[in-house]
Amino acid sequence: MAAARLPHRVLEVLFSYLDISDLRSCSLVCKNWYRFLNDENNDVWRLHCVRKLAEEALKSDLLSNVPTYKAKLRAFYHAWNPNDCSRNVYIKSNGFTLHRNPVAQTTDGARGKIGFKTGRHCWEVWWEGPLGTVAMIGLMTKDSPVQCQGYFPLVGGDSNSWGWNLVDNHLIHNGDSQGDYPPLNNAPKYQVGERIRVILDCEDNTLAFEKNYEFLGVAFRGLPNTQLYPAVSAVYGNTEVSMVYLGPPLDG
Amino acid sequence: MPNIKLHSSDGEIFVVDVEIVKQSVTIRTMLEDLGMDEDEDEPVPLSNVNSAILKKVIQWCTFHKDDPPPPEDDENKEKRTDDISSWDAEFLKVDQGTLFELILAANYLDIKGLLDVTCKTVANMIKGKSPEEIRKTFNIKNDFTPAEEEQVRKENEWCEEK
């Protein structure tokens with residue numbers, strides 16, 4: 001029937017009137033429609049990107065590792081959740097960077113908007129300010145607290161979170177150190193601004209990290225089959241942490 | 001006012017006021033390229049539009065001939081579909097086959113206003129529906145294998161989040 005065979009030029013106008021949830025339905029209708037929507041840089045995705053993402057996010061190099069409009073939109077849908085973070089943290093207007101206010105004696109974190117239960121996922125995290133004494137990067141279920149008193153490895157501090165402290169290179173889970181990571185002598189210290197890639201494999205139940213495109217090894221095994229969220233926790237006043245969701249990890 | 005002759009794909013000739021058909025960028029360009037004088041007797045061939053559809057297109061263009069040029073789209077605003085005029089809504093109360101032929105004609109003739117209103121109408125028929133409901137509405141065959149469908153569904157799961 002005519003609808004299935006509409007030329008792409010027409011699909012571009014038609015789909016420009018639909019929201020993202022309807023676009024998802026359309027991509028499942030037939031292969032012609034799917035092929036059009038699979039062009040992640042087409043004008044339909046570009047317009048949604050422009051409407052939803054802050055101009056500053058699109059103009060800066062924040063999203064330099066998510067090249068297409070659709071991927072940038074997806075990254076925004078996975079970004080820090082302004083409704084699921086410590087009260088001492090706010091998400092900046094760029095939508096991707098959290099800012100920890102200079103409140104004394106408190107550890108503050110945030111979770112991403114979307115958690116994962118299946119598939120393989122990769123996201124970048126980097127500090128844009130000092131780490132302080134405890135800078136945790138890892139995963140939390142919805143049940144872990146995003147704030148606590150004192151300076152504490154919050155991500156990793158209970159049975160529902162797993163974290164890597166970038167300050168002393170310790171892995172923490174259930175409040176206990178699980179050893180050094182990466183397991184090398186004289187592993188280099190984290191430099192502010194370096195982007196760390198977090199790799200979650202829900203099929204293998206593992207969490208691993210990569211730095212400077214170098215795979216550092218599996219950090220945690222035996223993760224539960226429950227919704228797991230990207231998370232960080234910070235203690236330094238006015239420090240900032242960015243997170244950008246990349247999609248499934250590229251194999252190789 | 002000068003007239004021009006349009007020749008439909010099935011051989012009918014329509015005599016129309018040239019100001020009305022200038023809403024079609026395609027026809028406007030053809031006139032310029034063919035160096036046609038507005039009084040020219042030679043009909044403009046429209047091999048992709050049959051007479052039934054051409055008649056409707058001319059009807060739409062005649063009603064809209066004095067429309068002001070549409071404002072530049074504000075890219076930051078969501079595009080609306082609830083602002084179809086009652087005349088256009090009535091004009092588009094046609095069977096689906098005709099609706100899609102009008103879309104293809106508006107695309108071929110490059111008449112922005114008509115393409116926009118016909119696409120808005122179809123968009124309203126899509127909104128809120130599941131893929132299967134959309135297929136039923138437009139009689140589209142599902143040409144995905146179950147595995148392919150599952151993969152696309154998973155890839156785009158995030159689109160359901162608010």
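This is a predicted model: local features need pLDDT of at least 70, side-chain atom pairs count only at pLDDT 80 or more; totals for chains, interfaces and linings use all residues.
Let me begin with one residue of that chain, Met243(A), which sits in strand S15, residues 240-247 of chain A. Is Met243(A) buried or exposed? Its relative accessibility is 0%, and Met243(A) therefore counts as buried. Apart from neighbours within four places in sequence, Met243(A) is in contact with His78(A), Ala79(A), Trp80(A), Phe96(A), Gly112(A), Trp123(A), Glu124(A), Val125(A) and Pro230(A). Ala75(A) is 168 residues away from Met243(A) in sequence, while their C-alpha atoms are 8.8 Å apart in space.

I turn now to Lys70(A), in helix H6 of chain A, residues 69-77. Lys70(A) has a relative accessible area of 7%; the cut-off for buried is under 20%, so Lys70(A) is buried. Which residues does Lys70(A) contact, leaving aside neighbours within four places in sequence? In chain A they are Leu37(A), Glu40(A) and Trp45(A), and in chain B they are Asn156(B) and Trp158(B). For Glu40(A), the separation from Lys70(A) is 30 residues in sequence and 5.0 Å in space, C-alpha to C-alpha.

Finally, a pair of helices in chain B. Two packed helices are described by the angle between their axes and the distance between the axes. Helix H5 of chain B, residues 96-109, and helix H6 of chain B, residues 112-126, have axes that come within 8 Å and cross at roughly 140°. H5(B) is therefore oblique to H6(B). The crossing of H5(B) and H6(B) is left-handed. From H5(B), the contact involves Gln96(B), Leu99(B), Phe100(B), Leu102(B), Ile103(B), Ala106(B) and Asn107(B); from H6(B), it involves Leu114(B), Leu115(B), Thr118(B), Thr121(B), Val122(B) and Met125(B). How many nonpolar, polar and charged residues does the contact of H5(B) with H6(B) have? There are nine nonpolar and four polar residues, and no charged ones.

Thank you for your attention.

Notes: Residues are numbered from 1 along each chain as its sequence is written. Chains are lettered from A and ligands numbered from 1 in the order in which they are written. Side-chain values use heavy atoms; hydrogens and water are left out. Axes are lines fitted to C-alpha atoms, for helices over the stretch in contact, and angles run from 0 to 180 degrees between N-to-C directions. Helices (H or I, at least four residues) and strands (E, at least two) are DSSP runs, numbered from the N terminus. Angles under 35 degrees count as roughly parallel, over 145 as roughly antiparallel, 65 to 115 as roughly perpendicular and the rest as oblique. A crossing is left-handed if the near helix is turned anticlockwise from the far one by less than a right angle, and right-handed if clockwise. Contact means heavy atoms within 4.5 Å. Ala, Val, Leu, Ile, Met, Phe, Trp, Tyr, Cys and Pro count as nonpolar, Asp, Glu, Lys and Arg as charged, and the others, Gly among them, as polar. Buried means under 20% relative accessible area, exposed over 50%, partly exposed in between (1.4 Å probe, protein chains only).
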